[in-house]
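I opened this model to look up a few local features and note them down. The entries follow the order in which I checked them.

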Amino acid sequence: MKFMKLGSKPDTVQSKGDNVRYVATELETELIVTIGNIKFYLHKFPLLSKSGYLQKLIATSRNEEKKNQVDEIDISEIPGGSVAFEVCVKFCYGITVTLNAYNVFAARCAAEFLEMNETFEKSNLVYKIDVFLNSTIFRSWKDSIIVFSTTRDLSPNYTNEFTLKLVKRCLDSIAYTASIDTSKVEWSYTYNRKKKLDEKAVPRDWWVEDLCELHIDLYKQAIEAIETRGKVPVEVIGEALHAYARRRIGGFSKGSVRVIDKCLTESIIELLPDKKGSVSSSFLSKLLRASVFLGCEETVKERLKKRISEQLEETAVSDILMFDIDMVQSLVKEFMDRDPKSHPKASVAKLVDGYLAEKSRDPNLLLQNFLSLAETVSSFPRQSHDGLYRAIDMFLKEHPGIDKSEKKRVCGLMDCRKLSAEACEHAVQNERLPMRVIVQVLFFEQIRVNGSSTGYSTPELTTTTLNTEDDEWDHVKEY
């Protein structure tokens with residue numbers, strides 16, 4: 001961290017209790033400055049020679065009848081409070097004071113408030129701090145972030161044109177550095193990176209973890225400033241938001257968010273880039289899960305559902321496993337409303353098969369819920385029905401009490417012709433399947449074996465291919 005030392009005299013500012021500060025000297029006190037519950041016992045000349053504000057304040061409060069008495073003023077409204085004022089006091093007395101990224105913003109605002117500029121003395125505190133900011137602080141990525149983080153400590157009552165300009169300079173510095181070509185980034189900037197990467201290959205998202213220390217109000221300003229420059233890909237913005245959510249929302253990755261994080265979660269959702277693919281399906285799913293748990297507005301949840309449905313084909317089973325059947329079904333229906341091409345449909349069918357296989361492990365899963373979701377994607381093209389077979393088998397295993405007609409409906413979802421050789425081998429030995437299904441599997445497997453040697457393809461399944469009417473299968477024992 002960069003720093004600047006001002007003054008050369010030893011520190012003679014001392015404390016008496018918690019509420020009194022004074023400069024140890026033989027001279028009597030001439031001025032008492034009150035800031036909140038702190039009183040400073042000081043001398044006029046060092047302060048008034050450098051502060052135009054104190055000059056005018058003392059002049060207007062002076063009373064001829066009290067000419068020989070101590071002047072007492074209250075400037076509790078000074079930005080940075082007593083701590084920042086003490087920095088200014090030490091500068092006025094020539095006492096050594098160290099400025100760094102943690103205190104320079106408050107000190108600069110206090111100096112502006114006290115009018116410690118060139119009008120009253122050459123190389124005054126305002127000038128020296130500006131030189132430090134421009135030549136050092138705003139050229140340092142790390143220090144710029146620290147300074148920006150301290151701006152939140154400033155009282156909202158002291159927000160004016162000057163402070164807004166100073167905040168903007170912080171943001172400009174952060175946005176500029178985050179937007180520069182990675183070939184120009186020094187590896188020392190990425191002081192929080194934990195990935196082991198080639199020293200010569202700086203990743204595009206090298207800066208995302210560094211901004212995670214910011215409060216959401218400041219983080220939002222930083223992300224918007226970076227986006228405004230238009231040089232950072234939206235995918236990197238999406239990764240930045242994901243990193244921030246993992247760091248700042250307790251239990252986000254594990255799905256156990258806290259109620260106190262509702263506003264934070266909504267703010268992150270608001271910042272999501274609109275472009276499809278700019279945010280991973282995994283991140284969107286976690287945000288949707290959090291928004292449901294936290295009771296966010298319906299418009300917030302609907303926006304997330306729409307975003308997930310737009311890239312549902314890229315979603316993993318683990319991303320949606322935390323959702324109930326109704327939520328997944330609504331995502332699929334939203335996906336279908338987009339009239340997607342056949343390839344994404346195949347991917348979504350595979351996703352739903354995997355989801356049902358995992359959900360079927362729950363013995364409390366209702367048959368109607370299983371059928372409802374499975375039938376939603378029944379028309380989707382599948383090269384293989386292995387995933388659907390696995391889901392059906394798992395459901396039958398965990399729900400042994402379903403009757404014959406219910407078992408028939410479940411197994412009717414599957415096309416035995418689209419089972420792989422491995423799945424067929426498992427199915428013919430599966431006692432949970434109805435006997436007619438096992439026979440169908442054997443039949444089509446035999447046709448496939450014969451067809452591979454004769455060149456004929458598997459015939460279409462019709463109602464007359466096998467005698468499968470219920471009255472003709474009553475004598476067959478089903479498992």
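For contact I used heavy atoms within 4.5 Å. Helices (H or I, at least four residues) and strands (E, at least two) are DSSP runs numbered from the N terminus.

I note that this is a predicted model, where local features need pLDDT of at least 70 and side-chain atom pairs count only at pLDDT 80 or more, while totals for chains, interfaces and linings use all residues. Residues are numbered from 1 along each chain as its sequence is written, and side-chain values use heavy atoms, with hydrogens and water left out.

How many residues of α4 are buried? I found 8 of 10, so α4 is mostly covered; buried means under 20% relative accessible area, exposed over 50%, and partly exposed in between (1.4 Å probe, protein chains only). I listed V104, F105, A107, R108, C109, A110, A111 and F113 as the buried residues. Just after α4, I saw that E115 takes a positive phi of about 60°.

Next I took α5 (residues 125–135), where L125, V126, I129, D130, F132 and L133 are buried. They lie on the same side of α5, because they cover an arc of only 160° around the axis; the arc is that of the directions from the helix axis to the C-beta atoms. I found these buried residues packed against β1 (3–6), α3, β7 (97–100), α4 and α7 (161–179).

I then looked at the second largest pocket, which holds about 320 Å³ of space. It is lined by 21 residues, and P79, G80, G81, A84 and A106 are the closest to its centre. On a 1 Å grid over the protein atoms alone, a pocket is an open set of points with protein on both sides within 12 Å along at least five of seven lines, a 1.4 Å probe being used, and lining residues have an atom within 4 Å of a point. The volume is the space filled by probe spheres set on the points, which are joined across faces, edges and corners. I noted that α3 (81–93) and α4 (104–113) each supply at least two lining residues, and that α3 gives the largest share, 4 residues.

Last, I counted 8 aromatic pairs. The ring centres of F252 and F283 are 6.0 Å apart and their planes at 75°, so I logged this pair as edge-to-face. Rings of Phe, Tyr and Trp (its six-membered ring) pair if their centres lie within 6.5 Å, with planes under 30 degrees apart stacked, over 60 edge-to-face and the rest tilted. I found F252 buried at 2% relative accessible area and F283 buried at 0%.
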